[in-house]
Amino acid sequence: NIPAFKNLSRLTYLYLFNNQFTGLLEFQNLPNLVYFYAHNNQITGELPDFRDCPRLYYLILFNNQFTNYKSGALSQNYRLRYLDISGNNLTQQAVNKLIEDLYTNYTTVNRGRVTINLRGNALPSGDALDTIDILRSKGWTIVFE
């Protein structure tokens, strides 16, 4: 497992990619974490909550085995500009919850130039597709096919 990182106020970059990690514990009080890369691992389960990382700008978690998304996990990351969770196993329900949270995130702090890569997961459905269209009209790039 990637351990729970806590109370590291000066941590800005965390690169843990290309390993064989299988779990990712919650991060707590990482006020200056900007870049988190944990792609090309074997991390399973639920995408963790990143609310304690308010300055998170890049979140790269592609090519893992995430299957679920914790509601609210990214709803308060207002500086997020690039999210890549492609090549995971997120269910349609998880993808829909993620899109809902990203919309909540956008309505709180309006901004464009956000890129979200969801390829290789279940396809969003219904209301989530409508929400994606709204975000795209606001300058977001969201790919899922």
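Colleague: Let's start with the helix: which residues in α1 are buried?

Modeller: In α1, the buried ones are A94, V95, N96, L98, I99, D101, L102, N105 and Y106. Buried is under 20% relative accessible area, exposed is over 50%, and partly exposed is in between, with a 1.4 Å probe and protein chains only. As background, an α-helix has 3.6 residues a turn, so residues three or four places apart point the same way. Keep in mind that this is a predicted model: local features need pLDDT of at least 70, side-chain atom pairs count only at 80 or more, and totals for chains, interfaces and linings use all residues. Numbering runs from 1 along each chain as its sequence is written, and side-chain values use heavy atoms, without hydrogens or water.

Colleague: What covers the buried residues of α1?

Modeller: The cover includes β5, β6 (82-84), β7 (115-117) and α2. Helices (H or I, at least four residues) and strands (E, at least two) are DSSP runs numbered from the N terminus. The helix α1 has 17 residues and reaches 25 Å from its first C-alpha to its last, close to the 24 Å expected; that expectation is 1.5 Å times one less than the number of residues.

Colleague: And what pattern does the chain follow along the sequence?

Modeller: It reads β-β-β-β-β-β-α-β-α-β, which comes to two helices and eight strands. The C-alpha atoms fill a box of roughly 35 × 30 × 20 Å along the principal axes, and 45% of the 145 residues are buried.

Colleague: Which members of the largest nonpolar core touch the most other members?

Modeller: A core is a set of buried Ala, Val, Leu, Ile, Met, Phe, Trp, Tyr and Cys residues joined through side-chain atoms within 4.5 Å. Here the core has 41 residues, and F27, L33, F36, F50, L59, L61 and L118 touch the most other members. Two or more residues each come from β5 (65-69), α1 (92-108) and α2 (126-137); α1 gives the largest share, six residues.

Colleague: Take L59, then. Where does it lie, and what does it touch?

Modeller: L59 sits in strand β4 (residues 58-60) and is buried, with a relative accessible area of 0%. Leaving out residues up to four places away in sequence, L59 touches F36, F50, L74, L80, Y82, L83 and D84, where a contact means heavy atoms within 4.5 Å. With that exclusion again, the list for L61 includes F36, L47, F50, F66 and I85.

Colleague: How many aromatic pairs does the structure hold?

Modeller: There are 15. A pair of rings is described by the distance of the centres and the angle of the planes. Rings of Phe, Tyr and Trp (its six-membered ring) pair with centres within 6.5 Å; planes under 30 degrees apart are stacked, over 60 edge-to-face, and the rest tilted. F5 and F27 have centres 5.7 Å apart and planes at 85 degrees, so they are edge-to-face. This pair links the segment before β1 to the loop between β1 and β2, 22 residues apart, and both residues are buried.

Colleague: How is the F36 and F50 pair arranged?

Modeller: That one is tilted: 6.0 Å centre to centre, 45 degrees between the planes. F36 lies in strand β2 and F50 in the loop between β3 (44-47) and β4, so the pair ties together parts 14 residues apart in sequence. Both F36 and F50 are buried. Elsewhere, ring pairs link Y13, Y15, F17, Y35, Y37, Y57, Y58 and Y82 into a cluster.
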